[in-house]
Amino acid sequence: MRSRLFGWAGLAVVCLGMLAGCETGPEAVVLPPPAVTLTAADVNRTTPLRLGQYAKITLKENPSTGYTWMFRVTDNGEKGNRKDGAIRLAGERFLPPAEQQPGTPGVRELMVHAAQPGHAALIGECRRSWERRAEPVMTIRYDFTVKP
């Protein structure tokens, strides 16, 4: 009985030690410095970028209500997701609110990379992931022009 108890306790200590070494939270994602930072006030405007530059987009998000931002990159022809277009999604992260009050929104940060010359758009929809057929509560669009 005693060895079994120490066996479980030892396993718990090892698991906790492994978890302590894991990186979680907003500091786990390192994003490059942006050339420009965009907010909800900058939607429906064209943002110029030079090849290789990054743009950071910051939007309020409240995942405790189930609503999160989902993004897709399109070319000017609205052909859906583009992996070979002028811009690419370079990374994103959620920064929780400083005060952990129920219903307090945090910030979604999204990094866009100017991958090749051309025009493209980033479209974001704020929706609940399990409500695939429901209309998003908000749709935003950021247009980009990438020059060499």
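Which strand order does the open sheet of four strands have? The answer is β1-β3-β6-β5, with mixed pairing. This is a predicted model, where local features need pLDDT of at least 70, side-chain atom pairs count only at pLDDT 80 or more, and totals for chains, interfaces and linings use all residues. Residues are numbered from 1 along each chain as its sequence is written, and side-chain values use heavy atoms, leaving out hydrogens and water.

**The sheet**
- Strands here are DSSP runs of E with at least two residues, numbered from the N terminus, and two of them pair if DSSP finds at least two bridges between them.
- β1 (36-38) and β5 (87-95) sit at the edges with a single partner strand each, so one side of each has no neighbour in the sheet.
- β3 and β6 run antiparallel and are joined by eight bridges; I57 has L110 in β6 as its bridge partner.

**The nonpolar core**
- A nonpolar core is a set of buried Ala, Val, Leu, Ile, Met, Phe, Trp, Tyr and Cys residues joined through side-chain atoms within 4.5 Å, with buried meaning under 20% relative accessible area (1.4 Å probe, protein chains only).
- The largest one has 20 residues, and I57, L59, I87, L122, Y142 and F144 have the most contacts inside it.
- β8 brings the largest share, four residues.

**R108 in β6**
- R108 belongs to strand β6 and is buried, at 15% relative accessible area.
- Leaving out residues up to four places away in sequence, R108 touches (heavy atoms within 4.5 Å) several residues, including I57, L59, W69 and F71.

Note on methods:
Buried means under 20% relative accessible area, exposed over 50%, partly exposed in between (1.4 Å probe, protein chains only).
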